[in-house]
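Biologist: Hi! Could you walk me through this structure while I have it open? I'd like to go through it bit by bit.

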Amino acid sequence: MSTPTAPFAGRTVLRVGYGALQLERLHDRRGEAVALLRRAVELGVNHVDTAEFYGFGFANDVIREALRPEDGVLVVTKVGADPDPGGRMPLRLAQRPEQLRASVEDNLRSLGVDHLPVVNLRRLDTGPGLRPEGDQVVDLDDQLAVMTALRDEGKIGAIGLSSVTLAGLRRALPAGIACVQNAYSLVSRDDEDMLRLCVAEGIAWVPFFPLGGNFPGMPKVIEEPAVRAVAESLGVTPAQVGLAWLLHHAPNVLLIPGTTDAAHLEANVAASKITFDAAALAALDAVESRSSEVPIGPTGDKDRS
């Protein structure tokens, strides 16, 4: 059985956390958003993933209102994009060092804190989503320099990477990397070598799109016959099987599924208690892996990581 907790940035967290992206769907029902986060805390969730560009700052505002210091929740944020309410997409890339610094300041302000314990640098090197162009093509070393400076100044604690390649992670290791957020699921296991490196280096693996993607052309875990068969045999949902497989697959996996529904939240947390026998695990491991490389152009669907 997978352990329900794991180390992350010097803390011990429940392996199923909460991703705050979907809170924007409750923009006109702020009380429900606050209540949902309070329910997450009641369930033991102590790892919340957010960003200033989630709902134009709405997610951070709700987190600031809902979470209390005594809750002991590790709030992880990310930089590399900023809100863009007037643009064709709801966000714009912000990869340049001065933009990364400004984004950190924005997150500090909207969360109402003077220190961000973990900040993910959202690269755009791999996986589904946008690709940088023009002055947004920035060398990783230049980005790590400003992130390290912010850490030295005490504004951030640990540094994470998102949508990074294996070569990029290896290059970044001397800077000290706490986690990697890449698109990864039972049906899209392109990054197996990177996952192994993270296990060896004690780096948390925090996959986004843990059940496959929302973009056209991306495979979905819940549609796999093997997943549905295992779910039926255990009396759980295909989504729970997909999440549980990730937890069983490697000890450093931390999940941040998002939802606006309290029952769905409870089901996600309960996935950490699901066990597989050898036959079920073998059937899931045998599912074909397909690429999650689905670049999205500047007029396409928005980046949902």
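Biologist: Let's start with a glycine: which strand does Gly-160 lie in?

Modeller: Gly-160 lies in strand 9. Before we go on, please keep in mind that this is a predicted model.

Biologist: Thanks. Is Gly-160 buried or exposed?

Modeller: Gly-160 is buried, as its relative accessible area is 0%.

Biologist: And what does Gly-160 touch, leaving out residues up to four places away in sequence?

Modeller: Gly-160 touches Val-119, Asn-120, Leu-121, Ile-177 and Cys-179. Take Leu-121: it is 39 residues from Gly-160 along the chain, and the C-alpha atoms of the two are separated by 6.0 Å.

Biologist: Nice. Switching to charges now, how many salt bridges are there?

Modeller: The count comes to 16 salt bridges. One of them pairs Glu-105 with Lys-155, where the closest N and O atoms are 2.3 Å apart.

Biologist: Where do Glu-105 and Lys-155 lie?

Modeller: Glu-105 lies in helix 3, residues 97-111, while Lys-155 is in the loop between helix 4 (140-152) and strand 9 (156-162), so this pair ties together parts that are 50 residues apart in sequence. Glu-105 counts as partly exposed at 26% relative accessibility, and Lys-155 is partly exposed too, with a relative accessible area of 24%.

Biologist: What about Arg-171, which residue does it form a salt bridge with?

Modeller: Arg-171 forms a salt bridge with Asp-139, and their closest N and O atoms are 2.7 Å apart. Arg-171 lies in helix 5 (residues 166-172) and Asp-139 in the loop between strand 8 (116-122) and helix 4, so the pair ties together parts that are 32 residues apart in sequence.

Biologist: OK, and which residue does Glu-224 form a salt bridge with?

Modeller: That one is Arg-290, with the closest N and O atoms 2.8 Å apart. Glu-224 lies in the loop between strand 11 (204-205) and helix 7 (225-234), and Arg-290 lies in the segment after helix 10 (278-285), so the pair ties together parts that are 66 residues apart in sequence. Here Glu-224 is buried, with a relative accessible area of 13%, whereas Arg-290 is partly exposed at 26%.

Biologist: Which residues do salt bridges that share partners join into one network?

Modeller: Arg-39, Glu-42 and Glu-266 are joined into one network that way.

Biologist: You mentioned helix 7 and helix 10. At what angle do their axes cross?

Modeller: The axes cross at roughly 160 degrees and come within 9 Å. Angles over 145 degrees count as roughly antiparallel, so helix 7 and helix 10 are roughly antiparallel to each other.

Biologist: Is the crossing left-handed or right-handed?

Modeller: The crossing of helix 7 and helix 10 is left-handed.

Biologist: Which residues meet there?

Modeller: From helix 7 you have Ala-226, Val-227 and Val-230, and they meet Ala-280, Ala-283 and Leu-284 in helix 10. By class, that contact has six nonpolar residues, no polar ones and no charged ones.

Biologist: New topic, helix 6. Which of its residues are buried?

Modeller: In helix 6, residues 192-201, the buried residues are Glu-192, Met-194, Leu-195, Leu-197 and Cys-198.

Biologist: And what do the buried residues of helix 6 pack against?

Modeller: They pack against helix 5, strand 10 (177-181), strand 11 and helix 8 (238-249). Just after helix 6 comes Gly-202, which takes a positive phi of about 70 degrees.

Biologist: Which residues other than glycine have a positive phi?

Modeller: Among them are Ala-9, with a phi of about 55 degrees, and Phe-56, with a phi near 55 degrees. For context, most residues other than glycine have a negative phi.

Biologist: Where are Ala-9 and Phe-56 found?

Modeller: Ala-9 is found in the loop between strand 1 (5-8) and strand 2 (11-14). Phe-56 lies in the loop between strand 4 (47-49) and helix 2 (58-66).

Key. Residues numbered from 1 in each chain as written. Predicted model: local features only at pLDDT ≥ 70, side-chain atom pairs only at ≥ 80, totals over all residues. Heavy atoms only, no water. Salt bridge = Lys/Arg side-chain N within 4 Å of Asp/Glu carboxyl O. Helix = DSSP H or I, 4+ residues; strand = E, 2+ residues; numbered from the N terminus. Buried < 20%, exposed > 50% of the residue type's maximum accessible area, 1.4 Å probe, protein only. Axes fitted to C-alpha atoms, helices over the stretch in contact; angles between N-to-C directions. Parallel < 35°, antiparallel > 145°, perpendicular 65-115°, else oblique. Left-handed = near helix turned anticlockwise from the far one by under 90°. Contact = heavy atoms within 4.5 Å. Nonpolar A, V, L, I, M, F, W, Y, C, P; charged D, E, K, R; others polar.
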